[in-house]
Amino acid sequence: MATRILIIEDEEKFARFVEMELNFEGYEVSKAFDGRTGLEMAKTGQYDVILLDIMLPTLNGMEVLRRLRRDSSVPVIMLTARDSVIDKVSGLDSGADDYITKPFAIEELLARIRTVLRKQPRYADSSVLSIGDLVLDVERRKVAVRGVEVDLTKREFDLLHYLLENKGIVLSRETLLENVWGFDFEGETNAVDVYVRFLRSKIDEVFDLKIISTIRGVGYVIRDEE
C-alpha cells in the first residue's frame, strides 16, 4: 500500500507542483487549500505524513497542528516562507516533527519525509487502545469489538478515544466537553449524555457489553474489568 501524504497549503500552484513530484516518487497525495478543510481531512483520513503550511486561510497552521495533536501522532512537516527562529521553535513546540523553509529543493523535502517515516512506525502499539473485547486504533480511527468493526461518527470516536485514554479516571461532563468538543463549544452539558447513549447503543447493546460506567452526579469512566 502506497504511503499517503496530505498537503495543507493555500498556494494551489505550489501544492500541485509538490503533489506531482510526490506522485512521481510513488506517494499517494491529497490536498487541502485552507486550514479548516485540512484539519477535517487530517482527522478523518488515514495519512502517514502531513505537509502543513503556517499561513493558511480560515485556520492558521499552528492552530491546525495544536488541534490535530489532541488525538493524532501522525508526522507533520511544517512548510513556511518565514525563516525566523521563533517560528521554528513555535512549530516544534506545538508538535511538528520537522520544519522546512520555502523555497526548498524537492530532494530535501523527500529526504525529510523519509526521515520522519523512519522515526515513527506506521501503526505503533501506543496508537492502539483497548478494554476487554474492544480495540480502538487511533491512527486508523477505527473501532472493533471481537474483530467486528463498529461504525462511529467523528464525535463518537473522539469521545470514546478520550475516555479510553483516561481509563480509570472519572471524567466530569465539563471536562469531556472541554477536551472533546473544544473550548468554544456553546451547547449544553447534556450533549455528553446524548453521545454516551449513542456509544452504548452501538457497542453495549449490540455486543452485550458494559464499556462506559456512569458516576451519578459526576460524569463517566471506563474501567478495566475486575
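Is Asp97 buried, partly exposed or exposed, and what is its relative accessibility? In this predicted model, Asp97 has a relative accessibility of 31%, so it counts as partly exposed.

**Salt bridges**

Side chains of opposite charge can pair when their charged atoms come close. The structure holds 17 salt bridges.

| Pair | N to O distance |
|---|---|
| Lys31 and Glu19 | 2.9 Å |
| Arg69 and Asp97 | 3.0 Å |
| Asp193 and Arg173 | 2.8 Å |

Take Lys31 and Glu19, whose side chains meet in a salt bridge. Lys31 sits in strand S2 (residues 28-32) and Glu19 in helix H1 (residues 12-24), so the bridge ties together parts 12 residues apart in sequence. Glu19, at 17%, counts as buried, because the cut-off for buried is under 20% relative accessible area.

Next comes the salt bridge between Arg69 and Asp97. Both residues lie in loops. Arg69 is in the loop between helix H3 (61-68) and strand S4 (76-80), while Asp97 is in the loop between helix H4 (85-93) and strand S5 (98-101). The pair therefore ties together parts that are 28 residues apart in sequence. Arg69 is partly exposed, with a relative accessible area of 22%. Asp97 is partly exposed too, at 31%.

Asp193 belongs to helix H8 (residues 190-207) and Arg173 to helix H7 (residues 173-181). The two residues are 20 residues apart, and their bridge links distant parts of the chain. Asp193 and Arg173 are both buried.

Salt bridges also form a network. Glu9, Glu11, Asp53 and Lys102 are linked in this way.

**Helix H6**

How far apart are the end C-alpha atoms of helix H6? They are 16 Å apart. The helix covers residues 154-165, which makes 12 residues.

Which residues of H6 are buried? They are Glu156, Phe157, Asp158, Leu159, Leu160, His161, Tyr162, Leu163 and Leu164. The list includes the charged residues Glu156 and Asp158. Nine of the 12 residues of H6 are buried, so the helix is largely enclosed by the rest of the structure.

Technical notes. Residues numbered from 1 in each chain as written. Predicted model: local features only at pLDDT ≥ 70, side-chain atom pairs only at ≥ 80, totals over all residues. Heavy atoms only, no water. Helix = DSSP H or I, 4+ residues; strand = E, 2+ residues; numbered from the N terminus. Expected span 1.5 Å × (residues − 1). Buried < 20%, exposed > 50% of the residue type's maximum accessible area, 1.4 Å probe, protein only. Salt bridge = Lys/Arg side-chain N within 4 Å of Asp/Glu carboxyl O.
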